[in-house]
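Visitor: Hi, I'd like a quick tour of this model. Please put it up on the screen.

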Amino acid sequence: MRLLFSIGAVLVAGMFAGGDVAGIAAPGPKFGAPRNHPQRLAADKDVQVDVELILAVDVSYSMDMDELAMQREGYAQAIQSKEFLQALKLGPNGRIAVTYFEWAASSDQKIIIPWRLVDGPETADAVAAEIMKTPIRRASRTSISGAINFAMPLFDEDPYRGLRRVIDISGDGPNNNGGPVTVARDAALEKGIVINGLPIMVKGPSYSTMDIDNLDFYYEDCVIGGPGSFVITIKERDKFKEAIRTKLLMEVAGRTPERPVMRVADKEPRVNCLIGEKIWSDRWGR
């Protein structure tokens, strides 16, 4: 079942009895380097984690520099947050594996953090520091299909063995480069991979950025998939970090939104899954 999650309905209180929902947006610790704690690598696949999580982050030119900075800070703060660390410990293994890469065109993906084990505050601090120290970049085109195709083989390179495999796609526009997004999505679903989405809708659609109306519908109908997959939509800049934190909490805890989208999953999509390609072709004639 595919699910849509609005940022206005934060689920932390439901995940942790007596939890403070307002605490989600609280600033995280400073991003200092971890003290006397080298990164730990698993020797083999015998080390089991609760989830193998790939964070695939859009850096196309339609994302402005403020958005890119908030995106980076959001992931770093979320991984360090007390709510995230609580969710981590509630899992059967109490640890996850995570890798973080940036994407734009179908041939443009850059791994910022290779697979890392996160099992407590020190490893979380190390990952956060690694996210923040990398210079921010921007690149041309938007290929969600390229990001999914790049992500899938990364699971084979993961030195850890997860109970679940999740690709987390964030972006502010539809696929307009590379193969059709639905083909890449379906290939991932066949491998038992879940895809979740973070559509960023803080700017109104414009000719220059190739943004579209109802990007959240596009992500739900064309991008995400797998058991319990969901979308968290960001429509306000000041909700950026809160949304990222909520999304990571749900993914680590293996939770889904309480209210499903009011539509049958096998109906026709509400948006054209080739809309990005069509806009690009109409504009540039190719």
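Visitor: Let's start with Thr134: is it buried or exposed?

Guide: Thr134 is buried, with a relative accessible area of 15%. Buried means under 20% relative accessible area, exposed over 50% and partly exposed in between, using a 1.4 Å probe and protein chains only. Keep in mind that this is a predicted model, in which local features need pLDDT of at least 70 and side-chain atom pairs count only at pLDDT 80 or more, while totals for chains, interfaces and linings use all residues. Residues are numbered from 1 along each chain as its sequence is written, and side-chain values use heavy atoms, with hydrogens and water left out.

Visitor: Thanks. Where is Thr134 found?

Guide: Thr134 sits in the loop between helix H4 and helix H5 (144-151). Helices (H or I, at least four residues) and strands (E, at least two) are DSSP runs, numbered from the N terminus.

Visitor: And what does its side chain reach?

Guide: The Thr134 side chain reaches the backbone oxygen of Glu130, at 3.2 Å. A polar contact like this is a pair of N or O atoms within 3.5 Å; within protein, one must be able to donate a hydrogen and the other to accept it, and residues adjacent in sequence count only if both atoms are side-chain atoms. Leaving aside neighbours within four places in sequence, Thr134 is in contact (heavy atoms within 4.5 Å) with Arg72 and Ile112.

Visitor: What else is in that loop? Say, Arg141: where does it lie?

Guide: Arg141 is in the loop between H4 and H5 as well. Arg141 is partly exposed, at 23% relative accessible area. Although Arg141 is not a glycine, its phi is positive, at about 70 degrees.

Visitor: Now the helices on either side. Which residues of H5 are buried?

Guide: Ile144, Ser145, Gly146, Ala147, Ile148 and Ala151. With six of its eight residues buried, H5 is mostly covered.

Visitor: And how many residues has H4?

Guide: H4 runs over residues 121-133 and has 13 residues. From first C-alpha to last, H4 reaches 18 Å, close to the 18 Å expected at 1.5 Å a residue; the expected span is 1.5 Å times one less than the number of residues. Its buried residues are Thr123, Ala124, Ala126, Val127, Ala128, Ala129, Glu130 and Ile131.

Visitor: What do the buried residues of H4 pack against?

Guide: They pack against helix H2 (65-80), H3, strand S4 (96-103) and strand S5 (109-118).

Visitor: At what angle do H2 and H4 pack?

Guide: About 175 degrees, with their axes 8 Å apart. That makes H2 roughly antiparallel to H4. Angles under 35 degrees count as roughly parallel, over 145 as roughly antiparallel, 65 to 115 as roughly perpendicular and the rest as oblique. The axes are lines fitted to C-alpha atoms, for helices over the stretch in contact, and angles run from 0 to 180 degrees between N-to-C directions.

Visitor: Which residues meet there?

Guide: From H2, Arg72, Glu73, Tyr75, Ala76, Ile79 and Gln80 meet Ala124, Asp125, Val127, Ala128, Ile131 and Met132 of H4. By class, this contact of H2 with H4 has eight nonpolar, one polar and three charged residues. Nonpolar covers Ala, Val, Leu, Ile, Met, Phe, Trp, Tyr, Cys and Pro, charged covers Asp, Glu, Lys and Arg, and the others, Gly among them, are polar.

Visitor: Changing topic: how far apart are the axes of H3 and H9?

Guide: The axes of H3 (residues 82-90) and H9 (residues 240-253) are 9 Å apart, at an angle of about 10 degrees. That makes H3 roughly parallel to H9. Glu83, Phe84, Ala87 and Leu88 of H3 make the contact with Arg245, Leu248, Leu249 and Val252 of H9. That contact of H3 with H9 has six nonpolar, no polar and two charged residues.

Visitor: How many residues of H9 are buried?

Guide: Twelve of its 14, and H9 is mostly covered. Just after H9, Gly254 has a positive phi of about 70 degrees.

Visitor: Last one, Asp58: buried or exposed?

Guide: Buried, with a relative accessible area of 0%. Asp58 lies in strand S3 (residues 52-58), and its side chain reaches the backbone nitrogen of Ser60 at 2.8 Å. Not counting residues up to four places away in sequence, Asp58 touches Met63, Leu68, Gln71, Trp103, Ser170, Gly171 and Asp172.

Visitor: And for the protein as a whole, how many helices and strands?

Guide: Ten helices and nine strands. Of its 286 residues, 54% count as buried.
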